[in-house]
Amino acid sequence: IEETIRFHMQKQRDLIKKGIKVLSLFFIDRVANYVEEEGIIKVLFDEAFERIKKEYPYFKGYEASEVREGYFAKKRTKKKEEFVDTKIEKKTTKDKESERAAYELIMKRKERLLSFDEKVSFIFAHSALKEGWDNPNVFQICALKHADSGSTTRRRQEVGRGMRLCVNRKGVRQ
């Protein structure tokens with residue numbers, strides 16, 4: 001997590017003058033490790049971000065909670081909103097609908113993510129981004145899960161989320 005944050009900040013420092021916004025993508029093992037109040041991934045990210053940002057002027061004015069966003073399918077129960085672990089093999093119709101809703105959210109905000117007006121530049125996902133979503137400005141992908149988890153095809157799909165020529169703020173390939 002720390003190395004991804006540090007590399008992200010270095011890359012943003014180097015590319016900001018070209019009008020290129022850097023994104024980093026984290027694939028996590030369990031949704032709960034991010035969404036829970038004391039989710040270990042969220043806690044570790046926030047601590048590292050707050051410590052490292054002091055070295056990079058662009059990020060000094062941001063709080064960790066402003067620059068990170070999780071994209072997970074959600075479903076409503078009678079009591080509250082719950083996140084769906086989309087890795088589940090036997091999905092209900094509601095689970096599939098929730099996964100589609102998360103996908104739509106990502107696609108609708110894709111161009112906004114490339115804007116410097118949007119603070120979010122660190123994206124956390126479980127499996128909602130496994131296919132069909134590409135963002136040219138993902139410069140690093142951090143897999144926070146067991147190395148042997150998933151098929152070779154799935155790992156290739158995850159890496160493919162960021163293997164593109166980046167674009168500047170005008171949408172011109174760089």
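Trainee: Where is the place of G70?

Mentor: G70 has its place in strand β2. Strands here are DSSP runs of E with at least two residues, helices are runs of H or I with at least four residues, and both are numbered from the N terminus. This is a predicted model, in which local features need pLDDT of at least 70 and side-chain atom pairs count only at pLDDT 80 or more, while totals for chains, interfaces and linings use all residues. Residues are numbered from 1 along each chain as its sequence is written, and side-chain values use heavy atoms, with hydrogens and water left out.

Trainee: Is G70 buried or exposed?

Mentor: G70 is buried, at a relative accessible area of 17%. Buried means under 20% relative accessible area, exposed means over 50%, and partly exposed lies in between, with a 1.4 Å probe and protein chains only.

Trainee: Which residues is G70 in contact with, leaving aside its neighbours within four places in sequence?

Mentor: With those neighbours left aside, G70 is in contact with Y34 and F124; contact means heavy atoms within 4.5 Å.

Trainee: How many bridges pair β2 with β5, and in which sense?

Mentor: Strand β2 (residues 68-71) and β5 pair over 4 bridges in the parallel sense. Two strands count as paired if DSSP finds at least two bridges between them. Strand β1 (residues 23-28) also runs parallel to β5 and is joined to it by 4 bridges. Within that pairing, F27 has A125 as its bridge partner.

Trainee: Which way do the residues of β5 point?

Mentor: In strand β5 (residues 122-125), F122 and F124 point one way, whereas I123 and A125 point the other way, and all are buried. In a regular strand the side chains alternate between the two faces of the sheet.

Trainee: Changing topic: what is the overall pattern of the chain?

Mentor: The protein chain has 6 helices and 6 strands. Along the sequence they follow the pattern α-β-α-α-α-β-β-β-α-β-β-α. Buried residues make up 45% of its 174 residues. Of the contacts between residues at least 6 apart in sequence, 70% join residues at least 24 apart.

Trainee: Now the helices. What span should α1 have?

Mentor: Helix α1 (residues 2-15) has 14 residues and should span 20 Å at 1.5 Å a residue, which agrees with its end C-alpha atoms being 20 Å apart. The expected span is 1.5 Å times one less than the number of residues.

Trainee: Which residues of α1 are buried?

Mentor: They are T4, I5, H8, M9, Q12 and L15. These residues cover an arc of only 140° around the axis, which puts them on the same side of α1. The arc is that of the directions from the helix axis to the C-beta atoms. The buried residues of α1 pack against β1, α3, β5 and β6 (138-144).

Trainee: What joins the side chains of Q140 and H8?

Mentor: A polar contact of 3.4 Å joins them. Such a contact is a pair of N or O atoms within 3.5 Å; within protein, one must be able to donate a hydrogen and the other to accept it, and residues adjacent in sequence count only if both atoms are side-chain atoms. Q140 is found in strand β6 and counts as buried at 10% relative accessibility.

Trainee: Which residues of α3 are buried?

Mentor: The buried residues of α3 are I41, K42, F45, A48, F49 and I52. Seen down the axis of α3, they fall within an arc of 140°, so they line one face of the helix.
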